Amino acid sequence: MRAVVMGAGSWGTAIAKVLVDAGTDTTLWARRPELAERITRDHTNADYLPGITLPDGLSATSSVGEAMSGADVVVCAVPSQSLRANLTEWMPHLGADTTFVSLAKGVETSTLLRMTEVISEVSGAPGDRIAALSGPNLAREIAEGQPAATVIACADEDRARDLQDAFKTRYFRPYTNTDVIGCEIGGAVKNVIALACGMASGVGFGQNTLATIITRGLAETIRLGVAVGAQIETMAGLAGVGDLVATCSSPLSRNRTFGAHLGEGATMQEAQDATHGQVAEGVKSCTSVRALADKYDVEMPLTDAVHQVCHSGLTVADAVSSLLGRRAKPEIYD
Ligand SMILES: NC(=O)c1ccc[n+]([C@@H]2O[C@H](COP(=O)([O-])OP(=O)(O)OC[C@H]3O[C@@H](n4cnc5c(N)ncnc54)[C@H](O)[C@@H]3O)[C@@H](O)[C@H]2O)c1
Ligand SMILES: O=P(O)(O)OC[C@H](O)CO
């Protein structure tokens, strides 16, 4: 198997390292030629993973044709909202039987499609050739070789098992799952909930508040997931609660950090500037997740509050009052 990872940000670079460590022949594509040169020459990606030494066997290129030549597996590691445009540019270089692996955690704002649906629409590939990889996987920790697990979800179980072999190392343990919808909804919604946790922590609230947001965030994830066809067990797994807990708890999370800036009183622009060009997917996906919830008539008050803070000028303090002022109800309801 030969893999190409398209996108040399923090997760693309970390997952390329995983693939090489797993013994899979892998090339990394970077948009900027100078970054590709530095990765190949110095075995570092100082822009995204400073201090991490990349394997000697990993080379990078900024040529799409060179990167994709002979690749059986194309790993899509660009942000959700730019996946469609990137994939359209890559199309002339794709092989006929390519397997796609989506790493992006988001829902397209213009169409409300999940990332595997975008890949299918643009490439024409059937769903059984498209997998999603998702789990509690903060890029830096994985790049450091800290033990973690993930989920590789694909409708074709044999293909998922082949990918499991291609990504499995002594520190990175992929599980297979056929519930692609559940994995993608879990990954998209947790970014929005991590923004809420960051806001709470920025305001100065402690662990009770965080646990409340995580747990009620999981309830929102499950309600939306079930409505769009996901299995509840997936949301209780690594790509659901696992990723939710990791992202909502870690200062390494860009989404949580973005929310913390807002909670501390920063403007959206100031919070954006503080990301140094790295993507906090939930900022855009709160709009599409909320629209998806509206479409399926699912109640998602935390998502709604995050959306209003990010896009309608609601203050974090007013968001808290509004959430706590909602009518009383049972914990579990349809
Ligand atoms: N970083 C993580 O810990 C992590 C872990 C799991 C999943 N993810 C997901 O992986 C996806 C990629 O995230 P990342 O962490 O690598 O992001 P990043 O911000 O570190 O890097 C994004 C990469 O995409 C490129 N890029 C940015 N905008 C682009 C555009 N318009 N067109 C083409 N390329 C563009 C950048 O140059 C960079 O190489 C996101 O959906 C994210 O949610 C990230
Ligand atoms: O840094 P974030 O907030 O994009 O989260 C990274 C990963 O998705 C965690 O699994």
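A residue counts as buried if 20 or more other C-beta atoms lie within 10 Å of its own, with C-beta atoms placed from the backbone. Keep that cut-off at hand for this tour of a predicted model.

**Stop 1: A139**

Select A139. It lies in helix α6, residues 139–143. Is A139 buried or exposed? A139 has 22 other C-beta atoms within 10 Å, so it is buried. Now show its contacts. Leaving aside neighbours within four places in sequence, A139 is in contact with S10, W11, A14 and L49.

**Stop 2: the whole model**

Zoom out and colour by confidence. The protein chain averages a pLDDT of 97. In this chain, 100% of the residues score at least 70. For the complex, the predictor gives an ipTM of 0.97 and a pTM of 0.98.

**Stop 3**

Next, colour residues 179–320. Here the unreviewed UniProt entry places "domain: Glycerol-3-phosphate dehydrogenase NAD-dependent C-terminal". How much of this stretch is helix, and how much is strand? The chain is 76% helix and 0% strand over residues 179–320. The end C-alpha atoms there are 34 Å apart.

**Stop 3: ligand 1**

Select ligand 1 and show the residues around it. There are 24 of them, and G9, W11, S82, A104 and A139 come nearest. Two elements give two or more residues to this shell: α1 (10–21) and α4 (80–90). By class, the shell around ligand 1 holds eleven nonpolar, ten polar and three charged residues.

**Stop 4**

**Stop 5: helix α11**

Why is α11 described as largely enclosed by the rest of the structure? Ten of its twelve residues are buried, so the rest of the structure largely encloses it. Among the buried ones are L238, G240, D243 and T247.

**Stop 6**

W11 and A139 are among the residues that come nearest around ligand 1.

K105 has 29 C-beta neighbours inside 10 Å, so it counts as buried. Beyond residues up to four places away in sequence, K105 touches S134, G187, A188, N191 and E281.

**Stop 6: the nonpolar core**

Nonpolar side chains tend to be buried together in soluble globular proteins. Here the largest nonpolar core has 107 residues. Which residues have the most contacts inside this core? They are V75, C76, A131 and I193. Helix α8 supplies the largest share of this core, 14 residues.

Centre on A131. Not counting residues up to four places away in sequence, A131 touches F100, V101, I152, A153, C154, R159, A160 and L163.

**Stop 7: loops**

Go to the loop between α2 and β3 and pick H43. H43 has a positive phi of about 55° although it is not a glycine. It has 16 C-beta neighbours inside 10 Å, so it counts as partly exposed.

G57 is in the loop between α2 (33–42) and β3 (59–61). With 14 other C-beta atoms within 10 Å, G57 is partly exposed. G57 and T24 are 33 residues apart in sequence and 9.7 Å apart in space.

Finish at L112, in the loop between β5 (99–102) and α5 (115–123). L112 is not a glycine, but it has a positive phi of about 65°. L112 counts as partly exposed, with 16 C-beta neighbours inside 10 Å.

Methods
Residues are numbered from 1 along each chain as its sequence is written. Chains are lettered from A and ligands numbered from 1 in the order in which they are written. This is a predicted model: local features need pLDDT of at least 70, side-chain atom pairs count only at pLDDT 80 or more; totals for chains, interfaces and linings use all residues. A residue is near a molecule or strand if its C-beta atom, placed from the backbone, lies within 6 Å of it. Helices (H or I, at least four residues) and strands (E, at least two) are DSSP runs, numbered from the N terminus. Ala, Val, Leu, Ile, Met, Phe, Trp, Tyr, Cys and Pro count as nonpolar, Asp, Glu, Lys and Arg as charged, and the others, Gly among them, as polar. UniProt positions are given in the numbering used here, feature names are shortened, and annotations may be inferred rather than shown by experiment. pLDDT is the predictor's confidence in each residue, from 0 to 100. A nonpolar core is a set of buried Ala, Val, Leu, Ile, Met, Phe, Trp, Tyr and Cys residues joined through C-beta atoms within 7 Å. Two residues are in contact if their C-beta atoms, placed from the backbone, lie within 7 Å.
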